[in-house]
Structures are given as C-alpha cells and as structure tokens.
Amino acid sequence: MAFKLKPPFNINGSPVYERELEEGCLGKGNKNGTILVNPDQTAEAKESVIEHEEVHIDQIKRGDLWYDDECVYWKGKKYPRSKRKEGNPNLPWEKEAYKKTDDYETL
C-alpha cells in the first residue's frame, strides 16, 4: 500500500555528530557537510547550534564561505584566523548565521 507525505518536510541534510570540541566551542560546520556538536549542552541548545551550523554549510555550498587552517574566506575576502575570534557575531559569515537562527546558551 502506498502513502503520501504532505509538505512541509523537515529534512536535515547534514550528518550531525556529537564530539568534545575545544573550550567554548558549541559546534562546527565542516566543509564536507557534516556538523559537530559539543555534547555538553541541553537538547534545545544543540538544536539551535545545529540550525546555526546549517547556515554555514549553506554558505559553503553557495561558494560564499571557505576556510583552511590559516584563513577564512568570505565572498573573496581573506580573514586571517590568528586575528579573529572564531564565532564572533560581528564577522560577516556569523552575522548571517546569527540573524537566521535562535540564540543559544553558552557552555
């Protein structure tokens, strides 16, 4: 017997893994499309972190965001990592992610 699904569909295309991350880091969106989430958070906070990191995955897919060990590249501009605090809400790629997602608690 067949069945029909009715939209809207809530599909998360990024595999999510819980991993211990460096101090103060709640989550990471990787270039391969996976998301790492610090397990030491509430379920609600994890959901918000995943939603936030999904924005970064989308930015990578669009070609707006890329990174390596030394720099983050946003829309063709190079940002040395040594001069920036990761996750700073004033960084252009973070502004978009924070604007599109709920706030979440910190560790």
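In which sense do strand 5 and strand 6 pair, and over how many bridges? Select residues 71-74 for strand 5 and residues 77-80 for strand 6, and you will find that they pair in the antiparallel sense over four bridges, where two strands pair if DSSP finds at least two bridges between them. This is a predicted model, in which local features need pLDDT of at least 70 and side-chain atom pairs count only at pLDDT 80 or more, whereas totals for chains, interfaces and linings use all residues. Residues are numbered from 1 along each chain as its sequence is written, and side-chain values use heavy atoms, with hydrogens and water left out.

Stay on the hairpin that strand 5 and strand 6 form, with two residues between them, and pick K75 in the turn, which has a positive phi of about 50 degrees. W74 stands opposite K77 of strand 6.

Now colour by secondary structure: the protein has two helices and six strands, in the order β-β-β-α-β-β-β-α along the sequence. Helices (H or I, at least four residues) and strands (E, at least two) are DSSP runs numbered from the N terminus.

Next, select helix 2, residues 92-100, where W93, E94, E96 and A97 are buried, meaning under 20% relative accessible area with a 1.4 Å probe and protein chains only. Seen down the helix axis, these buried residues fall within an arc of 160 degrees, so they line one face of helix 2; the arc is that of the directions from the axis to the C-beta atoms. They pack against helix 1 (43-62), strand 4 (65-67), strand 5 and strand 6.

From there, move to Q59 in helix 1, which counts as buried because its relative accessibility is 0%. Leaving aside neighbours within four places in sequence, Q59 is in contact (heavy atoms within 4.5 Å) with D64, L65, W74, W93, E96 and A97.

Finally, show V72, Y79, P80, R81, R84, K85, E86, L91 and W93, which line the largest cavity, with a volume of about 30 Å³. On a 1 Å grid over the protein atoms alone, a cavity is a set of points where a 1.4 Å probe fits but cannot get out, and lining residues have an atom within 4 Å of a point; the volume is the space filled by probe spheres set on the points, which are joined across faces, edges and corners.

Across the 107 residues of the protein, 37% count as buried.

How values were computed: Buried < 20%, exposed > 50% of the residue type's maximum accessible area, 1.4 Å probe, protein only. 1 Å grid on protein atoms, 1.4 Å probe; cavity = no way out; pocket = protein on both sides within 12 Å on 5 of 7 lines; lining within 4 Å.
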